[in-house]
Amino acid sequence: MALLDNLTWRYATKKYDSTKVVSEENIDKIVEATRLTPTSSGLQQFRVLVIKNKELQNQIVPISYDQQIVADCSHLLVFVAWDSYTEKRIDDIYDFTTDERELPRGRFTSYTDRLKQMFFAQTEEEHFVHTSKQAYIGLGLAIAQAAELNIDSTPMEGFENDKLDELLNLKEQGLRSVLMLPLGYRDTEGDWLSSMKKVRISTEDFVTKIYE
Ligand SMILES: Cc1cc2nc3c(=O)[nH]c(=O)nc-3n(C[C@H](O)[C@H](O)[C@H](O)COP(=O)(O)O)c2cc1C
């Protein structure tokens with residue numbers, strides 16, 4: 001039940017206690033849970049930046065619609081994803097996978113050929129829609145791992161992606177920002193949301209079981 005209890009405990013924290021710092025050991029656990037994210041075709045299309053730099057965090061506040069949480073949190077995760085699929089990106093990860101498994105390179109060529117055929121019929125914008133979806137899966141796991149460690153977090157789409165990409169020089173690396181996740185410890189007194197009920201639609205409305 002621990003995971004369910006912790007998912008009930010967590011909420012999208014609106015105010016952090018800026019004096020409290022998450023240990024590096026716990027940050028590493030959250031990153032590790034995120035690295036273990038399953039991704040479409042195992043391509044690992046996204047990466048995570050971990051920012052603990054008040055000057056940079058303060059620069060991110062105005063491009064995050066003045067959400068002060070990006071500066072007051074202990075660490076700020078930025079989820080970034082490939083801006084497009086390329087032959088090299090697909091081949092590199094498959095070569096890495098076959099090498100790790102001590103299989104001959106090219107073992108999955110018929111599969112990767114099909115992938116390339118499918119992706120190269122699409123626009124780069126369509127590629128990014130697909131690569132960024134993988135980052136959302138990682139976001140979920142990062143939030144869950146943080147909750148397991150009783151660390152607060154706030155999933156964030158509310159920022160100007162292009163400006164963040166520029167600030168972090170992501171374009172040059174063939175990457176684009178997708179999401180941010182401030183991590184830290186809630187300021188219970190100062191956070192208007194901390195004592196509010198968690199609201200979800202009922203299980204009955206949420207799930208449809210189709211058996212037999
Ligand atoms: C993808 C995504 C983007 C979000 N963006 C923001 C954001 O920019 N700022 C914010 O304060 N909350 C943001 N939220 C938090 C949601 O509003 C919150 O998760 C939702 O209302 C459910 O509440 P709970 O997380 O407290 O249970 C975001 C959540 C998700 C999943």
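**Reading a predicted protein model, step by step**

User: Let me start with one residue. Where is Thr19 found?

Analyst: Thr19 is found in the loop between helix 1 (2-9) and helix 2 (24-35). Please keep in mind, as we go, that this is a predicted model.

User: Is Thr19 buried or exposed?

Analyst: To answer that, look at the relative accessible area, where a value over 50% counts as exposed. Thr19 has 66%, so this residue is exposed. Its side chain also makes a polar contact with the side chain of Asp17, at 2.6 Å.

User: How far apart are the C-alpha atoms of Thr19 and Ala71?

Analyst: Their C-alpha atoms are separated by 12 Å, while along the chain the two residues are 52 residues apart.

User: Now a wider view, please. How many helices and strands does the protein have?

Analyst: The secondary structure comes to nine helices and four strands. Reading from the N terminus, the elements run α-α-β-α-α-β-α-α-α-β-α-β-α. Along its principal axes, the C-alpha trace spans about 60 × 55 × 30 Å.

User: What share of the residues is buried?

Analyst: Of the 212 residues in the protein, 42% are buried. Thr98 has its place in helix 5 (residues 87-100). Leaving out residues up to four places away in sequence, Thr98 touches Leu103, Pro104, Arg105, Arg107 and Phe108.

User: Which residues of the largest nonpolar core touch the most other members?

Analyst: A core is a group of buried nonpolar residues joined through their side chains. The largest one here has 28 residues, and Leu43, Ile60, Leu76, Val78, Leu164 and Met180 touch the most other members. Several elements each supply at least two residues of this core, including helix 3 (54-60), helix 6 (109-119) and strand 4 (175-184). Strand 2 gives the largest share, four residues.

User: Could we zoom in on one member? What does Val78 touch, not counting residues up to four places away in sequence?

Analyst: Among its contacts are Arg47, Val48, Leu49, Ile51, Leu164 and Met180. There is also a second, separate core of 18 residues, which includes Val22, Phe46, Ala142 and Leu181.

User: How close does the side chain of Lys198 get to an oxygen atom of the ligand?

Analyst: An N or O atom in the side chain of Lys198 is 2.5 Å from an oxygen atom of the ligand. A polar side-chain atom of Arg200 lies 2.8 Å from a ligand oxygen. Gly158 uses its backbone: an N or O atom there lies 2.9 Å from an oxygen atom of the ligand. The ligand taken alone exposes 630 Å², and the protein buries 65% of that.

User: One last topic, the backbone angles. What is the phi of Tyr65 near?

Analyst: Here is the general idea first. Most residues other than glycine have a negative phi. In this model, Tyr65 has a phi near 50 degrees, a positive value in a residue other than glycine. Tyr65 is found in the loop between helix 3 and helix 4, and at 54% relative accessibility it counts as exposed.

User: And where is the place of Glu212?

Analyst: Glu212 lies in the segment after helix 9 (203-206). Glu212 also has a positive phi, about 70 degrees, although it is not a glycine. With a relative accessible area of 99%, Glu212 is exposed.

Terms used
Residues numbered from 1 in each chain as written. Predicted model: local features only at pLDDT ≥ 70, side-chain atom pairs only at ≥ 80, totals over all residues. Heavy atoms only, no water. Polar contact = N/O pair within 3.5 Å; in protein donor to acceptor, adjacent residues only side chain to side chain. Areas by Shrake-Rupley, 256 points an atom, 1.4 Å probe, with all protein chains shown as cover. Contact = heavy atoms within 4.5 Å. Core = buried A, V, L, I, M, F, W, Y, C linked by side-chain atoms within 4.5 Å. Buried < 20%, exposed > 50% of the residue type's maximum accessible area, 1.4 Å probe, protein only.
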